[in-house]
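Subject: A structure for you to look at

Hi there,

Here is the structure I promised to pass on.

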Amino acid sequence: MILCSGAFDYVHSGHTRYLLAARALDPSALLLVAIAPDSYIRTVKGRAPGWNQTCRMQTVAALQGVDGVIAQRETSVANLIRLLKPTAFVKGRDWMYRIPADVVAAIDAVGCRMVFTDTEATHTSEALA
């Protein structure tokens, strides 16, 4: 199973390229996307979410290549990584130097690969807020 995570507020082409790149890593693997809680957007992005978590989950679930979505209840995805034990945890390369220590520890604990896609954040939801 491949796990991706993010807020996915104001879904844009950067998000779809990121998920398609994750899917391409192993087309036969389950692609699961953890959708960050509304509190994550308030805390980390410093603004109210444009769409609530349920709406963001429905939108991402409808995207090509996504096999399932899961509501992330905590700001960090570390506990989900420990629980789900994915073979790969994927983020866009804009996160290469921003992975929190607890997420790195969870990745190491379950022995999954950390993969950064080659997609660039040429479109960001911050520009739309």
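Predicted model: local features only at pLDDT ≥ 70, side-chain atom pairs only at ≥ 80, totals over all residues.

Let's start with a pair of strands: β4 (residues 88–92) and β5 run parallel to each other and are joined over 5 bridges. Strands here are DSSP runs of E with at least two residues, helices are runs of H or I with at least four, and both are numbered from the N terminus. Two strands count as paired if DSSP finds at least two bridges between them.

Residues are numbered from 1 along each chain as its sequence is written, and side-chain values use heavy atoms, with hydrogens and water left out.

Now the whole sheet. It is open, with 5 strands in the order β3-β2-β1-β4-β5 and parallel pairing. At the edges sit β3 (68–71) and β5 (113–117), each pairing on one side only. From one strand to the next, the twist averages 30 degrees. Helix α1 packs on this sheet, touching β1 (2–6), β2 (31–35), β4 and β5, and its direction makes about 165 degrees with that of β1. Touching, or contact, means heavy atoms within 4.5 Å. The angles run from 0 to 180 degrees between N-to-C directions, with axes fitted as lines to C-alpha atoms (for helices, over the stretch in contact). Another helix, α3, lies across β2 and β3 at about 165 degrees to β3.

Next, the greasy parts. In soluble globular proteins, nonpolar side chains tend to be buried together. The largest nonpolar core here has 18 residues, and L3, Y40, V77, I81, F89, V103 and I107 have the most contacts inside it. Two or more residues each come from β2, α2 (38–45), α4 (78–84) and α5 (101–110). Apart from this core lies another, of 17 residues, with F8, A22, I35 and V60 among them. A core here is a set of buried Ala, Val, Leu, Ile, Met, Phe, Trp, Tyr and Cys residues joined through side-chain atoms within 4.5 Å. Buried means under 20% relative accessible area, exposed means over 50%, and partly exposed is in between (1.4 Å probe, protein chains only).

What about charges? The whole structure has 3 salt bridges, each a side-chain nitrogen of Lys or Arg within 4 Å of a carboxyl oxygen of Asp or Glu.

- D9 and R47 meet at 2.8 Å, N to O. D9 is in the loop between β1 and α1, and R47 is in the loop between α2 and α3, 38 residues apart.
- R23 and D67 meet at 2.4 Å, N to O. R23 lies in helix α1 and D67 in the loop between α3 and β3, so the pair ties together parts that are 44 residues apart in sequence. R23 is buried at 13%, but D67 is partly exposed at 45%.
- D38 and R56 meet at 2.6 Å, N to O. D38 is in helix α2 and R56 in helix α3, 18 residues apart.

Is R56 buried or exposed? Its relative accessible area is 0%, so R56 counts as buried. The backbone oxygen of W51 also lies 3.0 Å from a polar atom of the R56 side chain.

Notes. Polar contact = N/O pair within 3.5 Å; in protein donor to acceptor, adjacent residues only side chain to side chain.
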